[in-house]
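Here is a friendly note to read alongside the model. Please keep the structure open and find each residue as it comes up.

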Amino acid sequence: MNRTALALALAACGLPAAPDALAAGPAAPRTLALHCERVFDARSGKVLGEHTVLVRDGRIAEVIPGRAKLADAESIVLADHTCTPGWTDLHVHLDGESSPQSYSEGFRLDPVDFAYRSVGYAEKTLMAGFTSVRDLGGEVTLHLRDAVNQGAVKGPRIFAAGTSIATTGGHADPTNGFNTHLSHLMGPPGPTEGVINSIDDARQAVRQRYKDGSDVIKITATGGVLSYAKSGDAPQFTVDEVKAIVDTARDYGFRVAAHAHGKEGMKRAILGGVTSIEHGTYMDEEVMRLMKQHGTWYVPTISAGRFVAEKAKIDGYFPAVVRPKAERIGALIQDTAGKAYRNGVKIAFGTDMGVGPHGDNAREFIYMVEAGMPAAYALQAATIRAAEVLGVDDQGVIEAGKRADIVAVPGNPVDDINAVLKVDFVMKDGQVYRRPALDAPAQ
């Protein structure tokens, strides 16, 4: 994917330079006052009473108990709403969305086609309440991130991995499924393409991600469900290779996320020093003990598991080599997440959207609660805990000095987690992208 392709896509979409969904009117005032009937305190996991949140220059200036009257601020009254910090999805793929055609589109479509689609996916994600995402694989998203940051398109703040790092034949080997003639014609992929087979390759692959502009490193520590390969759980790196990736990543300020389904691959990734395990399907008590010892985070992606298990029942949705993996592995992730919670593993929020439909990210909250996690814990996983995984300290809480990323839903999501599906107020960096049609004027 190149920058020209993305620029063409954005221009053809006729998208405005300003990110404000309300930019058609007069310029926004310098100060906004959000009157929240309730506020979710992500640090304590408690819902507090009425507060006024003052927003100025993209930051939270002050959080005042009660309904404050401020003559110099535009008031937005969120009656019977709970304001929460903007949500973060730590595992998305904004460059695509699963369908029966996914396996052929890479041969038929151009990068610009995927760029067009990513613009819509980004806006859907933001409007669903996700003001930040960690995108774990895809060249398109590096440029989408830049377009969002420049105000060319509406979307969440993106922490992008770029191309994932795999081993030959591994989950992220881009030549899986190629016929012999095409494979010989193109030659074996190497570290530039994200495929490694040694410690030196591992270091080179991380440096290439730095050169490409990545924010985070993603490795595929085991086989995967949707890759065109037989195994969904076999280990695919040595511990020394993982350590080489993690150590080199640290030189550049990167954290490392590890896709992993199988136990042995998870153990090697944890011992190698990764920040998070994604999916974790066959995690057992030994793996959980290791994760607690090493402080490794778990990002379950229950949404993706449920989605692929459902679609595996449909003839022709997945290729024959993929279908058994989708049916077997997908159905297990929610139970694994519940066990991890009960065993005290640190859990943060992620969906793997791109497998499932973008914009449905909030359903993960409901699946987490079904797995046995309290609603407040699930909300913390997508706010303050997600910020810890990213290694940032300016988001994930509604406090003075932090980014003005705020989401509001009717009712109280701690009492009824289904409220997360009714987002009708979204603010990112102090910019209002979505608001209730009839928010009452301040009295």
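1. **Thr-296 and its surroundings.** Start with the contacts of Thr-296, where contact means heavy atoms within 4.5 Å. Not counting residues up to four places away in sequence, Thr-296 touches Ile-270, Val-274, Thr-275, Ser-276, Ile-277, Met-291, Val-345 and Lys-346. You will find Thr-296 in the loop between H9 and strand S14 (297–299). Helices (H or I, at least four residues) and strands (E, at least two) are DSSP runs, numbered from the N terminus. Thr-296 counts as buried because its relative accessibility is 1%; buried means under 20% relative accessible area, exposed over 50%, and partly exposed in between (1.4 Å probe, protein chains only). Along the chain Thr-296 and Ala-269 are 27 residues apart, while their C-alpha atoms are separated by 9.7 Å.

2. **What kind of model this is.** Keep in mind that this is a predicted model: local features need pLDDT of at least 70, side-chain atom pairs count only at pLDDT 80 or more, and totals for chains, interfaces and linings use all residues. Residues are numbered from 1 along each chain as its sequence is written, and side-chain values use heavy atoms, with hydrogens and water left out.

3. **The protein as a whole.** The protein has 15 helices and 17 strands. Of its 443 residues, 56% are buried. Take the contacts between residues at least 6 apart in sequence: 71% of them join residues at least 24 apart.

4. **H8 and H9.** Two packed helices are described by the angle between their axes and the distance between the axes. Helix H8 (residues 263–272) and helix H9 (residues 285–294) pack at an angle of about 15 degrees, and their axes are 10 Å apart. Here axes are lines fitted to C-alpha atoms, for helices over the stretch in contact, and angles run from 0 to 180 degrees between N-to-C directions. H8 and H9 are therefore roughly parallel to each other; angles under 35 degrees count as roughly parallel, over 145 as roughly antiparallel, 65 to 115 as roughly perpendicular and the rest as oblique. On the H8 side the contact is made by Lys-263, Met-266, Lys-267, Ile-270 and Leu-271, and on the H9 side by Glu-286, Val-287, Leu-290, Met-291 and His-294. Two of these, Ile-270 and Met-291, are also touched by Thr-296.

5. **H6 and H7.** How do the axes of helix H6 (residues 199–212) and helix H7 (residues 239–251) cross? They come within 8 Å and cross at roughly 30 degrees. From H6, the contact uses Ile-199, Ala-202, Arg-203, Val-206 and Arg-207; from H7, Asp-240, Glu-241, Ala-244, Ile-245, Thr-248 and Ala-249.

6. **The nonpolar cores.** A nonpolar core is a set of buried Ala, Val, Leu, Ile, Met, Phe, Trp, Tyr and Cys residues joined through side-chain atoms within 4.5 Å. The largest one has 65 residues, and Trp-87, Ile-219, Ile-245 and Phe-365 have the most contacts inside it. Leaving aside its neighbours within four places in sequence, Ile-245 is in contact with Ile-165, Ile-196, Ala-202, Val-206, Ile-217, Ile-219, Phe-237 and Val-256. A second, separate core of 17 residues includes Leu-78, Ile-398, Phe-425 and Val-432.

7. Is helix H4 (residues 139–149) mostly covered or mostly uncovered? H4 is mostly covered, with nine of its 11 residues buried; among them are Leu-142, His-143, Leu-144 and Arg-145. Gly-138 lies in the loop between strand S7 (130–135) and H4, and Gly-138 is buried, with a relative accessible area of 12%. Leaving aside neighbours within four places in sequence, Gly-138 is in contact with Asp-95, Gly-162 and Thr-163. Just after H4, Gly-151 takes a positive phi of about 80 degrees.

8. **H10 and H12.** Helix H10 (residues 302–311) is also mostly covered, since eight of its 10 residues are buried. The axes of H10 and helix H12 (residues 333–342) come within 8 Å and cross at roughly 155 degrees. That makes H10 roughly antiparallel to H12. Ile-302, Gly-305 and Arg-306 in H10 meet Ile-333, Gln-334 and Ala-337 in H12.
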